[in-house]
Amino acid sequence: MDGQANTMAVSVWRGDAEGGAFQAFEVPLRESQTVLDVVTWIQQNADPTLAYRYACRVGMCGSCAMMVNGKPRWTCRTHIERALKDGGLEIAPLRNLPVIKDLATDMSAFFDKWIAAEGVFRPSKTRADPIEPVDPAGAMRIDASAAIECINCGICYAACDVVAANADYLGPAALNRAWSLLNDERDQGQEARLAAVSRRGGCHNCHSQQGCAQFCPKSLNPTASIAGLKRETAKNFLGRRR
Amino acid sequence: MLDLRLYMLQRLSALILAPLVLGHIAVMIYAVQDGLSAAEILGRTQGSWAWALFYGLFVLAVSVHAAIGLRVIVAETLKLRGLGLAAFTWLVFLGLLFLGARAVYAVTAA
Amino acid sequence: MTRPHRSHPLWYAFLLHRVSGLLLALYLPVHFLVLSMALTAPDSLDGFLHWTDQPLVKLAEFALVFLLAVHLFGGLRLLALEFLPWSPRQKTFAAGATALALLVSGTFLLNAV
């Protein structure tokens, strides 16, 4: 492959919380090249001041997500063939999060909302108690299984227009986490969890646009989880007033 | 913008509206066949308790549903929040309820 | 024109639901005021209804019926999504709701002309 002879035009967002602009780079085309490879090439060969974030490079840690040609993607597992538009790439920091520098965003709000959505395990037993059996074929366990394996990459959060329109909205990842815990038979914090996802900014703001499910690299479906939360909170609402 | 209470109001009003809208569409398709006239419409509705109830419930449900729907749009696109948003929601609800109730009265009063 | 993260069918289904809802909400006061003319100005009401016999107005009415039907069927899709067990066939349902709305409003148009 004559990778060195061919190059692609890459436009990379440079700046910080105050603002910024796109900067153009010419990057050599290589075989089996990922978007993260492209960013790394720029940082190592063209401009060492380029800031970006990654760790595992194999789709486990969830730290390298960026906007690639306008779509949120995990850059370490996105081959450029899948993302190239007119032979070029536009790489920007993840949407809906404040920028620290260049391609690195401040994900504090994203993680704070996990806590606000009661996305925290509240055990009903102590370590002194015997291990509680959970039936792998049980209905709750099946619902929980569909919602786990999230890697906290923030792609659903960046894809969501409700997050963009409403800064208080907890977002797909936090609500998906709340749903997986709502289906955990060992958890005793369900009342507080239902209350947490029912406040302003809670699950009821979701418009089921399903961008979260469209772009989730782990093929999770936060919209389905949020629908589950809507259903359970509605049942609770009607039950309490009967 | 939407808490559980408003969400429930929005979905319950939708559940009430669904069969009413289906009925309304059926009436429209039937009534439009040989052109509309005031006499034809009023002949059907005037003095009818059934139509008054049908469209009275329609107006109530649609006032709730449209007020909450517009509330979400205004909050998300114009970033209106707090007291202003609450005032807007109530204004739309009461405005539609008043105009709608007057219209139902106008076509069903004997 | 649409931003890339929005270019998928279910986002367009959302857009259709929002735009139809907005337009219907804006049309409602006009609809109510015209009907109130039965009480306040019965002669003008008949004049207005005659005005609606024009082909262009009939076309606008067809659009209104489509908006109402697509908001109804799209809304039923959302109620099913939220309150019935999850189905992976979301795009099929959205397309079906739009097709059904076209069928219903088309029936209206055929009866109106």
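**Notebook: helix packing and chain contacts**

I began with H1(B) and helix H3 (residues 55-83) of chain C, whose axes come within 10 Å and cross at roughly 145°. Axes here are lines fitted to C-alpha atoms, for helices over the stretch in contact, and angles run from 0 to 180 degrees between N-to-C directions. Helices (H or I, at least four residues) and strands (E, at least two) are DSSP runs, numbered from the N terminus.

I noted that the model is predicted: local features need pLDDT of at least 70, and side-chain atom pairs count only at pLDDT 80 or more, while totals for chains, interfaces and linings use all residues. Residues are numbered from 1 along each chain as its sequence is written, and chains are lettered from A and ligands numbered from 1 in the order in which they are written.

**Entry 1: H1(B) against H3(C)**

The term left-handed applies if the near helix is turned anticlockwise from the far one by less than a right angle, and right-handed if clockwise. I then listed the residues in this contact: H1(B) gives B:Arg11, B:Ala14, B:Leu15, B:Ala18, B:Val21, B:Ile25 and B:Met28. From H3(C) come C:Val65, C:Leu68, C:Ala69, C:Leu72, C:Gly75, C:Leu76 and C:Leu79. Two residues are in contact if their C-beta atoms, placed from the backbone, lie within 7 Å. I sorted the contact of H1(B) with H3(C) by class and recorded 12 nonpolar, one polar and one charged residues. Ala, Val, Leu, Ile, Met, Phe, Trp, Tyr, Cys and Pro count as nonpolar, Asp, Glu, Lys and Arg as charged, and the others, Gly among them, as polar.

**Entry 2: H3(C) against H4(C)**

I next followed H3(C) to helix H4 (residues 90-112) of chain C; the two pack at an angle of about 150°, with their axes 8 Å apart. H3(C) and H4(C) are therefore roughly antiparallel to each other (angles under 35 degrees count as roughly parallel, over 145 as roughly antiparallel, 65 to 115 as roughly perpendicular and the rest as oblique). Their crossing is right-handed. I counted 17 nonpolar, four polar and three charged residues in the contact of H3(C) with H4(C).

**Entry 3: the chains B and C**

I read chain B along the sequence as α-α-α-α, with four helices and zero strands. Its C-alpha trace spans about 45 × 25 × 25 Å along the principal axes. Of its 110 residues, 32% count as buried (20 or more other C-beta atoms within 10 Å of the residue's own; exposed if 12 or fewer, partly exposed in between; C-beta atoms are placed from the backbone).

I recorded 35% of the 113 residues of chain C as buried.

**Entry 4: where the chains meet**

I found 30 residues of chain C in contact with 27 residues of chain B. H1(C) gives the most to the side of chain C that touches chain B, with 12 residues. That side divides into 21 nonpolar, six polar and three charged residues.
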